[in-house]
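Student: Please take me through one part of this model in close detail. I would like its setting, its surface and its contacts in one connected account.

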Amino acid sequence: MTEKMQENQEEKSLGELFSGLDEVIANLEKEDVSLEESFSFYHRGMDLLKMCNDKIDRVEKQMQILDEEGNIHEF
């Protein structure tokens, strides 16, 4: 994936990325999809999945936890 495409995808919300994954799955389930198209869809789906994981990891790192005494700690 090109750097510009990755930057564009990182701007998308998790919901938009998940919608993209749903689209990839729908395309893979079509009966008339060629082997070459299947590989292309598979790689696209893996790229989207990685972006979802990266976005979730960033959010988890930003989360904070309150301990028993009410002090805030980074997650």
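Tutor: Start with Asp32, which sits in the loop between α2 (14–28) and α3. Helices here are DSSP runs of H or I, at least four residues long, numbered from the N terminus. The model is predicted, so local features need pLDDT of at least 70 and side-chain atom pairs pLDDT 80 or more, while totals for chains, interfaces and linings use all residues. Residues are numbered from 1 along each chain as its sequence is written, and side-chain values use heavy atoms, without hydrogens or water.

Asp32 counts as exposed because its relative accessibility is 65%; the cut-offs are over 50% for exposed, under 20% for buried and partly exposed in between (1.4 Å probe, protein chains only).

Now the helix. Buried in α3 are Ser38, Gly45, Leu48, Met51, Cys52 and Lys55.

The structure holds 1 salt bridge, meaning a side-chain nitrogen of Lys or Arg within 4 Å of a carboxyl oxygen of Asp or Glu. Lys50 and Asp54 form it, at 2.9 Å from N to O. Both lie in α3, 4 residues apart, about one turn of the helix. Lys50 is partly exposed at 47%. Asp54, at 24%, is also partly exposed.

Terms used. Helix = DSSP H or I, 4+ residues; strand = E, 2+ residues; numbered from the N terminus.
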